Amino acid sequence: MLSRTLCLAARPSGKLATIHLELQEIPLAPLLDGDVLVKNTWLSVDPSIRLRLGESAPSGYLPPLSVGEALVGLALGTVVESRHENFRPGDLVSHMNGYRDYATVSATAGGLGGAGTLTKIDAGDWPHQWFLGPLGSSGLTAYVGLFEVMNIRPSDTVWISAAAGAVGSTATQLAVHHGCTVIASAGSRLKADHLVDALGASRSFDYHDGDMDSLLAQAAPHGIDAYFDNVGGSHFPAALNALRPEGRVAMCGAISTYETSNTLPSNLFQITAKSLSIRGFRAGSFGHLYDRMRSIVGSRLADGTMIYEESVYDGLELASTALVDLLNGRTSGKTLCRL
Ligand SMILES: NC(=O)c1ccc[n+]([C@@H]2O[C@H](COP(=O)([O-])OP(=O)(O)OC[C@H]3O[C@@H](n4cnc5c(N)ncnc54)[C@H](OP(=O)(O)O)[C@@H]3O)[C@@H](O)[C@H]2O)c1
């Protein structure tokens, strides 16, 4: 059996374009004991795959894909055939073999530190795709960054970058509901206004509107206590300058560096001078917190005190456009491809 699959056609040297990716008909791996055949229904479009499309990936991360190799990413699908006792045809599952119509998935292989392991989802009355967004990996990432990594307090002033995206929009609302003063930044005036008007941030800015130190000083004249970093690049050194003593940073991602080279900030001594705590994390290592996160985020989504927004692309043929649009800030909320 063949499955349409999005593959790396040529390595981008700089900005990813749709010509770097192509759909191919690829034979599915035969179903062995322990495997499950899944018909994919929703693909999570995530920035991190960009790290694997160049010549080299950051050491310690997943290796670069070869030219011709299939892209991978979180996906939801329905089990069509199962050779594992825990899965039955008709089950809704999440797994890592996205970017294709059908996938042969091993029930025992992990991915992304456990987040991509084949998992049965009991969606109840929730729209399925929310288990890739606020009730899935994006929600867990936001929850972990705020409460496990930075241990935010209601009195904190918290800056969240890429705040109109999947992780950022969930983190913004969770921090607002916790009582924090939230400074939210994004890549357009429209997004910045939305962060205040719809998501409850206290103040917001478009990071194109000036130098980062001034924008942050205007939004948070007394400094910040915590910074949820989705962006890296020029955002991180600005945060170091704005953080108050004992401030905390959750290094979640660095999207501004995924398509360019990265240089170290010249003000790293701020970390020592102000006794800052800087901690990176991968949400996949916190899978044990899914139930807790889902009960908190789920109850807020149910009572309407939290909103969920998505940018949906229809058809696998638009998956490459979805990824390029995401990397260029043309999407907001959770970016998904519906098959
Ligand atoms: N640590 C983990 O376990 C984990 C898990 C998931 C995601 N992440 C990371 O979290 C971050 C957000 O991921 P997401 O899935 O929620 O994606 P997302 O925020 O929905 O989409 C990425 C956003 O980044 C912004 N962006 C792109 N280039 C930028 C630049 N040069 N400077 C500033 N902003 C830029 C764009 O919005 P604008 O219009 O605002 O520019 C874009 O919408 C990424 O860095 C990702 O790698 C980490």
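Helix 5 is mostly covered, with seven of its eight residues buried. Buried here means under 20% relative accessible area, with exposed over 50% and partly exposed in between, using a 1.4 Å probe and protein chains only. Before I go on, this is a predicted model, so local features need pLDDT of at least 70 and side-chain atom pairs count only at pLDDT 80 or more, while totals for chains, interfaces and linings use all residues. Residues are numbered from 1 along each chain as its sequence is written, and side-chain values use heavy atoms, with hydrogens and water left out.

Back to helix 5, residues 235–242. Its buried residues are His235, Phe236, Pro237, Ala238, Ala239, Leu240 and Ala242. Helices (H or I, at least four residues) and strands (E, at least two) are DSSP runs, numbered from the N terminus. Helix 5 lies across strand 8 (157–160), strand 9 (181–186), strand 11, strand 12 and strand 13, and runs at about 150° to strand 12. Contact, throughout, means heavy atoms within 4.5 Å. Axes are lines fitted to C-alpha atoms, for helices over the stretch in contact, and angles run from 0 to 180 degrees between N-to-C directions.

Next, the sheet under that helix. What is the strand order of the open sheet of six strands? The order is 10-9-8-11-12-13, and the pairing is parallel. At the edges are strand 10 (203–206) and strand 13 (277–280), each of which pairs on one side only. On average, neighbouring strands in this sheet are turned by 15° against each other, direction ignored. Two strands pair if DSSP finds at least two bridges between them. Strand 11 (residues 224–229) and strand 12 (residues 243–251) have five bridges, in the parallel sense. Ala226, for example, has Arg248 in strand 12 as its bridge partner.

Strand 12 also holds Glu246, a residue other than glycine with a positive phi, near 70°. Glu246 counts as exposed, at 54% relative accessibility.

Now helix 1. This helix lies across strand 11, strand 12 and strand 13, and runs at about 150° to strand 11. Helix 1 (residues 137–149) also packs with helix 7 (residues 290–303), at an angle of about 95° and with the axes 10 Å apart. The two helices are therefore roughly perpendicular to each other; the classes are under 35 degrees for roughly parallel, over 145 for roughly antiparallel, 65 to 115 for roughly perpendicular, and oblique for the rest. On the helix 1 side, Ser137, Gly139, Leu140, Tyr143 and Glu148 meet Tyr290, Arg292, Met293 and Ile296 of helix 7. By class, this contact has five nonpolar, two polar and two charged residues. Ala, Val, Leu, Ile, Met, Phe, Trp, Tyr, Cys and Pro count as nonpolar, Asp, Glu, Lys and Arg as charged, and the others, Gly among them, as polar.

In the loop between helix 1 and strand 8 is Asn151. Asn151 is another non-glycine residue with a positive phi, near 50°, and is partly exposed at a relative accessible area of 49%.

On to the cysteines. How many disulfides does a search of the whole structure find? The search finds zero, a disulfide being a pair of cysteine sulfur atoms within 2.5 Å. The closest cysteine sulfur to that of Cys180 is in Cys252, 16 Å away, which is too far for a bond. Cys180 is buried, with a relative accessible area of 7%, whereas Cys252 is partly exposed at 22%.

Then helix 8 (residues 319–327), where eight of the nine residues are buried, so the helix is largely enclosed by the rest of the structure. Those residues are Ala319, Ser320, Ala322, Leu323, Val324, Asp325, Leu326 and Leu327. Their cover includes strand 1 (2–8), strand 2 (21–27), strand 14 (310–314) and strand 15 (334–338). After helix 8 comes Gly329, with a positive phi near 75°.
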